[in-house]
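Dear colleague,

I am handing over the model that we spoke about, and I would be grateful if you could look through it beside the notes below.

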Amino acid sequence: MKHARVVFEGRTFDATERDGQLLLADGRTAAFDAVQWLPPLAPLTSPARPRTVLALGLNYADHAKELEFKAPEEPLVFVKGEGALIGHRQITRRPKGVQFMHYECELAVVVGRTARKVKRGDAYDFIAGYTVANDYAIRDYLENWYRPNLRVKNRDTCTPIGPWLVDAADVPDPQALALSTTVNGQVTQRGSTKDMIFDVPFLIEYFSSFMTLSPGDLILTGTPDGVVDCKHGDVIVTEIERVGALMNTIEES
Amino acid sequence: MSFLPTGTVYGVLLNFRAEFDALAPRMHEPPYKAPPKAPVLYVKTANTWTPSGGAIAVPARAPEVEVGATVGMVFGEAGRVAGYVLMNDLSVPHASFFRPPVKFKCLDGFLGIGPALREGGDPDRFSLEVRIDGELRHAADFSQLVRSAAQLRADVGEFMTLRPGDVLMLGCNAGRPLAKAGQRIEITAPGFEPLVNTLVQEAA
């Protein structure tokens with residue numbers, strides 16, 4: 001099943017996809033363009049805590065090559081704050097004067113069970129589902145201190161995610177999904193999750209060896225080759241087979 | 001009920017002058033190639049949080065851990081500061097600051113959190129002391145920051161909103177002491193309730 005969170009008539013609803021429409025938790029239906037889309041993940045409560053958002057850099061061999069890095073020997077990981085996340089069909093801000101801001105289409109893994117010292121063979125038992133993330137980067141702000149630094153990777157509006165949280169059961173092999181990005185309808189990025197350097201079971205084992213993952217936590221698994229500059233007005237669609245097509249518009253301000 | 005944050009906890013590297021100056025001779029060399037321009041931030045994920053009084057498990061791979069005593073600025077509505085809290089920001093010692101320090105800083109339990117929020121106070125006048133097994137091992141005076149609390153807040157706020165419940169730690173002074181399993185770490189500061197954590201060996 002595909003799950004969403006949307007604002008409709010001023011109220012926030014959990015929703016699911018049915019016959020090309022949204023089925024709201026109160027039984028009504030709404031068209032996709034009649035709602036405001038939120039990240040498809042409910043805030044974590046009881047107790048209230050921030051979602052851990054782990055993200056991978058250079059996790060596709062071709063992208064590592066494109067950026068003139070040799071493939072890493074262990075995962076290159078950074079952390080985002082939950083406040084960087086926005087939903088489907090929202091606006092991402094490009095600061096004036098920036099030279100190079102690019103999208104990054106990524107398979108995002110949503111943790112389903114508390115995971116501590118999990119072996120890779122058991123890793124799929126700990127996954128609730130998958131969604132699509134677009135982990136924008138503004139390369140002008142890269143610095144070699146805890147790189148990629150938060151000014152590049154933790155900006156307001158710069159991590160769209162969604163539209164759907166797709167149940168793990170509906171994605172039998174997350175390591176064989178076509179992935180693509182279009183800019184104003186032109187394909188600019190194509191890849192497959194089979195080309196990840198560190199695959200999803202490895203990542204669950206790696207992280208859970210030193211940090212407990214909790215339900216609702218996110219792992220953004222990196223992007224393949226083919227990132228291009230995004231300008232004011234560009235409509236960016238990052239799409240992953242079986243998981244969804246996440247649309248986003250760039251606005252310079 | 002002890003205080004725990006509800007939002008994201010951010011830390012900052014190189015925000016004490018002595019810490020910055022100690023690294024300055026290497027800042028133009030690879031891999032850094034230039035001194036940092038923006039605040040050098042990291043995140044202490046929720047799995048790291050340990051209330052005051054709680055034991056913190058140290059894994060076998062880290063015979064000693066670095067004690068980063070600091071003050072966290074806790075945000076309320078509309079970017080206002082709701083108060084301040086003592087923090088014990090533990091790290092597995094690491095010599096390079098080129099890559100994000102997740103496996104050094106995001107271990108379970110690796111952030112001791114003061115027992116209570118202090119409302120008000122002038123962060124430029126804060127000071128703290130660290131005692132390990134009762135022995136004074138470290139001190140920090142927050143008049144010696146590279147970016148004052150107000151400046152740090154402004155420079156971080158330039159690219160990300162600090163939301164209600166978020167915490168921005170002000171940085172750790174140079175000369176951070178090391179501690180090992182079995183030791184008791186006490187952080188005290190005028191105007192704050194002490195933060196105490198004991199390190200224990202992680203169960204095999």
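This is a predicted model: local features need pLDDT of at least 70, side-chain atom pairs count only at pLDDT 80 or more; totals for chains, interfaces and linings use all residues.

Residues are numbered from 1 along each chain as its sequence is written, and chains are lettered from A and ligands numbered from 1 in the order in which they are written.

Chain B holds 3 helices and 13 strands, where helices (H or I, at least four residues) and strands (E, at least two) are DSSP runs numbered from the N terminus. Its radius of gyration is 16 Å, close to the 17 Å that the globule rule gives for 204 residues, so chain B is as compact as a globular protein of that length; the radius is taken over C-alpha atoms, and the rule is 2.2 Å times the number of residues to the power 0.38. The C-alpha trace of chain B spans about 40 × 40 × 30 Å along its principal axes. Of the 204 residues in chain B, 45% are buried, a residue being buried if 20 or more other C-beta atoms lie within 10 Å of its own, exposed if 12 or fewer, and partly exposed in between, with C-beta atoms placed from the backbone.

Between the chains, 27 residues of chain A are in contact with 31 residues of chain B, contact meaning that the C-beta atoms, placed from the backbone, lie within 7 Å. On the side of chain A that touches chain B, the elements giving two or more residues are β7 (76–80) and α2 (150–153) of chain A, and β7(A) gives the most, with 4 residues.

The largest nonpolar core has 128 residues, of which A:A108, A:V109 and B:L86 touch the most other members; such a core is a set of buried Ala, Val, Leu, Ile, Met, Phe, Trp, Tyr and Cys residues joined through C-beta atoms within 7 Å. Strand β5 (residues 65–75) of chain B gives the most to this core, with 7 residues. Leaving aside neighbours within four places in sequence, the contacts of A:A108 include A:Y130, A:V132, A:I161 and A:L218.

In helix α3 (residues 149–157) of chain B, the buried residues are B:A149, B:L152, B:R153 and B:V156. They cover an arc of only 100° around the axis (the arc of the directions from the helix axis to the C-beta atoms), which puts them on the same side of α3(B). B:A150 and B:A154, on the other side of α3(B), are exposed, and the buried residues of the helix pack against β1 (9–13), β2 (40–44), β5 and β10 (167–169) of chain B.

Some backbone details also deserve a look. Most residues other than glycine have a negative phi, and most peptide bonds are trans. The peptide bond from A:R147 to A:P148 is cis, with omega near 0°, and the bond from B:P30 to B:P31 is likewise cis, with omega near 0°. A:Y146, although not a glycine, has a positive phi of about 45°, and A:Y146 is found in the loop between β13 (137–138) and α2 of chain A. Because A:Y146 has 21 C-beta neighbours inside 10 Å, it counts as buried. Phi of A:N184 is also positive, near 50°, but A:N184 counts as exposed, with 12 C-beta neighbours inside 10 Å.

With best regards

Notes. Two residues are in contact if their C-beta atoms, placed from the backbone, lie within 7 Å.
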